[in-house]
Amino acid sequence: MNALSAKTIEFIGHPKKMLINGRWEPSVSGKTFPVTNPATGEIIAHAAEGDKADIDKAVKAARAALEGKGWSTMTPSERGKLVWRIGDLILKYADELAELEALDNGKPFTVARAADVALAADIFHYMAGWATKLHGLTIPISVSGGDFHSYTRLEPVGVVGQIIPWNFPLLMAAWKLSPALTTGCTVVLKVAEETPLSAIRLGEILQEAGLPDGVVNIITGFGETAGAALAAHPMVDKIAFTGSTEVGRLIVNAASGNLKKVTLELGGKSPNIVLKDADLDVAIPGAANAIFFNHGQCCVAGSRLYVEHEIFDEVAEGIADLANQIKLGNGLDSQTEMGPLVSSAQLNRVCGYLDSGYQEGAKALCGGKKREGAGYFVEPTVLVDASQQMKIVREEIFGPVVVAMPFKEVDDQLIQQANDSIYGLAAGVWTRDVSKAHKMAHQLKAGTVWVNCYNVFDAALPFGGYKQSGWGREMGAAVLAHYTESKAITINIG
Ligand code: ADP
């Protein structure tokens, strides 16, 4: 086991506070809640338990920062440089951030360093370039009998409430904050109660980068209290949420009071389809990565695996072989390839789905249960003998569990089956046939389709879902529209 760095020991050694108006504050109630290490179940820190009163303070700070001087008068170039600097500082402190992610979320340090932290820096660097390129249009209009000059301006949407989950704590904060800062908005960020540490460290980084007070406020606390208060707050102009579809619906209801703008990045049950002409040396490890990356705690997880029947056994057993080799352990151990699930609640939820699968007749080719001992570990699992109507095929498990099912041939029925879900976040196709690849990519109802790859993310690509997987897009140029208002100005020059 790698020992914790002196920096991290110091960081977790005193109660974590919330960033409000540039100061680190305890909660108004004085309450705190424990933060646990999911690999051991031990308490590692205490965080301030923010609720409605703290959200109110933070929203007022964000509103004042939006309307006052400093942030609103900063030039686009200065803003872009500041956003870029945040990306640089994330890289400077990469080891420390990855260590906090491993400790708090359970994921392996090496994965957090290579994926979560690197992608978090990338999105700030990518967005920084947009700060100087947000411009409107000059538009000729056709009103007869007048002479008009019309143009549009892109203005920040205002105070944005952002609510994020625990599966990629730092990266989700980065996806949310970077477009907000680039467009000149101000933010109240409510982080997940399971994993507050890396976002608190990010708050310190924002201050070091020179962000004016009140532009980003960070609240730690629970969903039903702090999160709900943020979603309902009348002085918030937009809410951006990532989490479960169930809570997404609550957010929409809460946001309806002042009809704040809402974007949602919700659940998934992504189909991953292997054709018999695929290069199986690539497809088998690819399909394993599609489900086992981040212990299956990914909204895009390739959790429904459809395999052409002639190669079904080879693919399912190939993935099971790989699953059996995955080394489970503490995320801080350099040998670990898969850590624990994030919490005991998540462990119970995943085990509940396994039980339901067995009751409905599915069988585990490998894994299939909780690992005994301390920590919230579930063995990577391949389920077979499943059918489309089973709960394990219809609902998001959010754990290292893939359901493999054979199909006869590539036809409309296969596409209909792949699209037979309330979700539409991602899909995968493995084939050497370029025509089939394109055709299926067009037919699949998903915001992202990967062909002969999976889990490829880039700051430049829009990400989001069809159907109940969400509203709007994150990343890429597409996200900027959700953080700006387009104002049309018409001047009579007659
Ligand atoms: P998960 O099931 O992955 O934990 P959730 O949707 O429950 O996902 O949580 C995602 C985020 O939403 C967390 O920050 C959580 O605190 C917050 N949250 C949970 N319930 C509510 C709610 N009623 N209103 C606002 N935010 C909530």
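A crossing of two helices is called right-handed if the near helix is turned clockwise from the far one by less than a right angle. The views below come from a predicted model.

**View 1. Helices H6 and H7 pack against each other in a right-handed crossing.** Helix H6, which spans residues 169-182, packs with helix H7, residues 197-209, at an angle of about 45°, and their axes lie 8 Å apart. Because of that angle, H6 is oblique to H7.

**View 2. The contact between H6 and H7 is formed by residues from both helices.** From H6 come Pro 169, Leu 170 and Ala 173, while H7 contributes Ser 198, Ala 199 and Leu 202. Sorted by class, this contact of H6 with H7 has 5 nonpolar residues and 1 polar residue, with no charged residues.

**View 3. Seven strands form an open sheet with mixed pairing.** The order of the 7 strands is S13-S14-S15-S12-S11-S17-S18. At the edges are strand S13 (363-366) and strand S18 (448-451), each of which pairs on one side only. From one strand to the next, the twist averages 25°.

**View 4. Strands S11 and S17 run parallel within the sheet.** Strand S11, residues 271-274, is joined to strand S17, residues 426-430, by 3 bridges. Ile 273 has Val 429 in S17 as its bridge partner.

**View 5. Helix H11 packs on the sheet.** This helix, residues 312-325, touches S11, strand S12 (304-308), S13, strand S14 (381-384) and strand S15 (401-407). The direction of H11 makes about 65° with that of S13.

Note on methods:
Residues are numbered from 1 along each chain as its sequence is written. This is a predicted model: local features need pLDDT of at least 70, side-chain atom pairs count only at pLDDT 80 or more; totals for chains, interfaces and linings use all residues. Axes are lines fitted to C-alpha atoms, for helices over the stretch in contact, and angles run from 0 to 180 degrees between N-to-C directions. Helices (H or I, at least four residues) and strands (E, at least two) are DSSP runs, numbered from the N terminus. Angles under 35 degrees count as roughly parallel, over 145 as roughly antiparallel, 65 to 115 as roughly perpendicular and the rest as oblique. Two residues are in contact if their C-beta atoms, placed from the backbone, lie within 7 Å. Ala, Val, Leu, Ile, Met, Phe, Trp, Tyr, Cys and Pro count as nonpolar, Asp, Glu, Lys and Arg as charged, and the others, Gly among them, as polar. Two strands pair if DSSP finds at least two bridges between them.
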